[in-house]
Every structure is written in structure tokens, then in C-alpha cells.
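Good morning, and thank you for making time for this item. I would like to take us through one protein model, beginning with a question about a single residue.

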Amino acid sequence: MMSPTAPIVNRQLIWHMYSAQAYGIFHGDLDFYFGGWDGRDRMHKIDTKTCPVYMLTGEYDWSNTPDMSQATADKIPGGKHTAMKGLGHFPATENPKVFVGYRKCSLVDSGDC
């Protein structure tokens, strides 16, 4: 789920955290993923004028692909999605320098960066 182009030290950090099953991280992820809040029947009710929705998805994230995120954004009136090239499931840790550029573009209403 990580980009093969991410710096090795960053990939090792992520691998260490997950392989060590740092308390609460991995199990918390699984708990939310499989049993967390399910908003599928409420997405059309989100008022993006009050609560803007910007989704960023790494191209190497196979657990939630850019196509899946786009399909979700399409169900939210005014929802925005950007697929992040060269990033995966852990973009801020994988490659912070690349991620920051995408984060900045999501804060302005300029469409896909």
C-alpha cells in the first residue's frame, strides 16, 4: 500500500510501526475499517458549504483506491477528490515533501492539482 518511490527510511518507519503493532494503531485501524462509522446512506446530506469535503487518495493505496474515493466524492454534492501520484496509503509519512503539495491544493477551491 506504500509507494515504491517513497524514501526507504520513511517506508521502514511505517513498516516498523505496523509490524510492531504499536499499541492501538493497527488494531484501531482494523476496528474502524471493519466496524467503524458507516456513512453511505448519509453522504448526499453533507452540506459542503458548511463542511467542505476534500479527499486525497494515493495511487498505490489498494485498500481504498483513487477510483473508490472518486465514487464516494461523487455522492457528496460539492465533494472534491484528488488522486495523489507517487503516494500510497500513508502519504504524509511516506513522502512528506510530495504530500504537502497535495495538502495545499486541497485547501483552495481550484479543482484538481
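Does D38 count as exposed, partly exposed or buried, and at what relative accessibility? D38 counts as partly exposed, at 39% relative accessibility; buried here means under 20% relative accessible area, exposed over 50%, and partly exposed in between, with a 1.4 Å probe and protein chains only.

Some ground rules. This is a predicted model, in which local features need pLDDT of at least 70 and side-chain atom pairs count only at pLDDT 80 or more, while totals for chains, interfaces and linings use all residues. Residues are numbered from 1 along each chain as its sequence is written, and side-chain values use heavy atoms, with hydrogens and water left out.

D38 has a partner: its side chain meets that of R40 in a salt bridge, at 2.6 Å from N to O. The term requires a side-chain nitrogen of Lys or Arg within 4 Å of a carboxyl oxygen of Asp or Glu. R40 counts as exposed, at 64% relative accessibility. The structure holds two salt bridges; D41 and R42 also form one, with their closest N and O atoms 3.8 Å apart. D41 is exposed at 53%, whereas R42, at 43%, is partly exposed.

Turning to the fold, the protein has five helices and two strands, in the order α-α-β-α-β-α-α along the sequence. These are DSSP runs, numbered from the N terminus: helices are H or I of at least four residues, strands E of at least two.

Of the 113 residues, 27% count as buried. The largest nonpolar core consists of five residues, M43, V53, M55, A73 and I76; such a core is a set of buried Ala, Val, Leu, Ile, Met, Phe, Trp, Tyr and Cys residues joined through side-chain atoms within 4.5 Å. Beyond its neighbours within four places in sequence, M55 is in contact (heavy atoms within 4.5 Å) with S69, T72, A73, K80, H81 and T82.

Finally, the largest pocket has a volume of about 1200 Å³. A pocket is an open set of points on a 1 Å grid over the protein atoms alone, where a 1.4 Å probe fits, with protein on both sides within 12 Å along at least five of seven lines; lining residues have an atom within 4 Å of a point. Among the 31 lining residues, F32, Y33, S63, N64 and H89 are the closest to its centre. Helix 2 gives the largest share of the lining, seven residues.

Methods: Points joined across faces, edges and corners; volume = space filled by probe spheres on them.
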